[in-house]
Amino acid sequence: MSITGDAEAAARLVSFGMRPKQLPGRDVVYAELVRRYGEDSAFKQLTNAVASGLGLMVLDVSTQSGAVLAATDESVFEIKMDSYARQSKIRERRDTEKVLHGLVHLASAALGYPRPDDLANDTYIGRVSVEQVDGVVREACRILDERAAKAEENNDPLSGAPELEQAWRAYARRPAAAATKDGRLASDTTRGMVSRALRFLAEQGFLVQVNAEQGGTYRTTPRYQVQVRELAADSAFEELLALNVVSVGDGAGTLRPSISDTL
Amino acid sequence: MRAPGDRLAWPAVRDTELIGGGLADEGLARRLKALACTAPLHDLDARKAKLDWAEATVYQMAEIALHTIDQVAIAMDFDTGADHHEVVRRLQPFIAAQAPGRKADEHVRVGRWVLDNLINVGTADRGFRRVYGHVDANGVYQRRAFDFKLLIELAAPDGEVYLRATDEAINVLVGALDTDVESAHIAAEVKLENLINRGRLADAKLAAEQARYRTVQYGETLRAKLDATRRDVRAVDWDTEMPEMLDSALSHIESRFRAENAILKNITIARDEAEDVDRKRRAAELVDIVGDCISRHTQLQSRLQAAGATFRAEQDRQQFSGPPQRATIDLFGQLLVPTLELPIADAVKPVERFFQGSSGLTIPAVPSLSALVSLLLRPAPERDKLVGEVPEPELVPPETLDYYSDEQWRHADELLDLPEVPRRLSGLLAEAREIDPQLARLVALRALHSYSPEVAAAVRQGDDRALIAIDDGTLLDDVEFGGADLLLASAFIDRSELEISGEPS
């Protein structure tokens, strides 16, 4: 095939990756390109180069997930947290809103892949619901609260320094639900935020709605697994390492849940 | 002999002790928090006069608030709490009793207003915050924030929002602030038995109600533990801690059954033997309350008995994991929990990175004519299920606009600046009328006002003079105004003596 033909095919694979709901299993051309990416290393390099020229990186290309792409910093494809967490209420602190939304996304992934093994296992499909995600974070907050109370020092936040308040306090303080005049769910409650996050992830092709039970129940897609495993978890983990708050697991490299000793 | 350094160190230690370290200080903080819980109730009464939709001073808002918390606490059982409308409806007789002459609409509105304020609708957190001082181990005074809620809203599985009273609210209501659940429970029972023995049934009813609130609170504590198990088996220690807790809870219920059945028997006898009608009625109420307590215990007991089965079912469902196939991150234990523990300012970066990594791409929209046409022809999208808070503002009527213009005020100031010779009001009115017909009225009003000048206010405001009017008996001869033809003069305020001098004749 000619160079121009190859470039076109590579660009087409990238453009398939931009449509997250399109899957190789449902499209012959897509499936063929995915197969070629796996077998032809020159084509693979070309595709990666096309993607990187556009400000994208290829996280994975497989039959289950298709081409999974991520935006590099400052790329036109990047979704800014600032615009996602934009709030009509100005009086609330911006950082607090951002952290709450971020925690909700983190918790959605944590519930979708509760054990390290689930994240590693390509065939694992997780289930999340609005009620569960909120419940998981609240439960963690409760444990942290108990732990703080056990420490026997006064741990109420300092009134003069709201930015030093721990994130779990902000989450625990925010109501789970609130009634509005027309009976809809208020968006600045935690359940409102979770509901929004799950619908957003479904629009991005990372979740598929199963039913409306428990405020909306979704299952995860292989695409989401790749996205969380290959990029999101690591980059967040690095940030935590930079803040010196995470201890790396033992020599075997297996990272075990560390929560069981706190209750 | 003491070293000089020792002597210097003494006062510092004493100061710390004086500010209050150790236990005494902890008690202070606890009492301050308890006090804070009552503040929202006082606040209601402080603000009721400002309501513009009703003349609400006749209502005792704090009483209504306590009654509201009562209603919610009674309606709380294991699965649900109280519905907003139901609570407001139940409040009606109580509110109506306070102002029988008012319309039912207003009673409903008062009920809703109190309920909204107890939830604190309109703030993002829907809670209250009080700042209190705390002296830490080093003797440094710090201001800390105490966040609390009185009523919280929760979503039921069917999507309905219902109310529950928080521990703080129940503590405020019962009046036993910051006490151990179990011991307070027993204390209430003992008190009840005492009261019955002495025949003081009114107090006995109160104690029985307190015992019931304690029962509800105790049920809440256990419910939280069971919920945690249902979410994640690993989060709860089912090896030793949970069986122990279930055992102690069951034996607790057993002893309560014994005590309450004994009490029930006693009061039933008291009810049947009482001859005084009022006492008979109150004993009957007591029987109802204790009966309710027993049924609540029964409910709690059946939950406890089902707990083991819940655990086994959850264990099957949340199957145990094999060894990880490759090194990955434990999202919950290694990302979520550490991030939750970070201060807000530090947590922004990790969550932002995670969001960027997991949110995927946004595809920039490319405008095209054909797409635009179909976009415009598209039927209106369905309303978003989520909506921002629409607070109902409490409007304050605007300041009445100034009747007189700045210009007129300036003219009046000039006319009434009379530092040396006092002048008659009639002359001033005539002069004012020449400048502006309306000005005469302003001058007359200000003259009248200065007949009883607020000298103290002028001194406080730092004015150097005040207008003084004197009535010497002359009648005012004017087309527009009648009364005394006042003598007007500016009096200087002698600040050095803080006395008024230069007063005219």
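At what angle do the axes of helix 1 and helix 2 of chain A cross? In this predicted model, the axes of helix 1 (residues 3-17) of chain A and helix 2 (residues 28-39) of chain A cross at roughly 115 degrees and come within 10 Å. Because angles of 65 to 115 degrees count as roughly perpendicular, helix 1 of chain A is described as roughly perpendicular to helix 2 of chain A. The crossing of these two helices is left-handed. Helix 1 of chain A contributes A9(A), R12(A), L13(A) and F16(A) to the contact, and helix 2 of chain A contributes Y30(A), L33(A) and Y37(A). Sorted by class, the residues of this contact are six nonpolar, one charged and no polar.

Chain A also has an open sheet. Three strands form this sheet in the order 3-6-5, with antiparallel pairing. Strand 3 (127-129) and strand 5 (207-211) of chain A are the edge strands, each pairing on one side only. On average, neighbouring strands of the sheet are turned by 35 degrees against each other, direction ignored. Strand 3 of chain A and strand 6 (residues 217-220) of chain A run antiparallel and are joined by three bridges. Within strand 6 of chain A, Y218(A) is the residue opposite V128(A).

The next topic is confidence. The predictor gives the complex an ipTM of 0.89 and a pTM of 0.60. The average pLDDT of chain B is 74, and 73% of its residues score at least 70. Over residues 1-14 of chain B, pLDDT stays under 50, and the model has one contact beyond four places in sequence for them. Residues 19-24 of chain B also stay under 50, with nine such contacts beyond four places in sequence. Where pLDDT is low, the predicted coordinates should not be read in detail.

Methods: Residues are numbered from 1 along each chain as its sequence is written. Chains are lettered from A and ligands numbered from 1 in the order in which they are written. This is a predicted model: local features need pLDDT of at least 70, side-chain atom pairs count only at pLDDT 80 or more; totals for chains, interfaces and linings use all residues. Axes are lines fitted to C-alpha atoms, for helices over the stretch in contact, and angles run from 0 to 180 degrees between N-to-C directions. Helices (H or I, at least four residues) and strands (E, at least two) are DSSP runs, numbered from the N terminus. Angles under 35 degrees count as roughly parallel, over 145 as roughly antiparallel, 65 to 115 as roughly perpendicular and the rest as oblique. A crossing is left-handed if the near helix is turned anticlockwise from the far one by less than a right angle, and right-handed if clockwise. Two residues are in contact if their C-beta atoms, placed from the backbone, lie within 7 Å. Ala, Val, Leu, Ile, Met, Phe, Trp, Tyr, Cys and Pro count as nonpolar, Asp, Glu, Lys and Arg as charged, and the others, Gly among them, as polar. pLDDT is the predictor's confidence in each residue, from 0 to 100. Two strands pair if DSSP finds at least two bridges between them.
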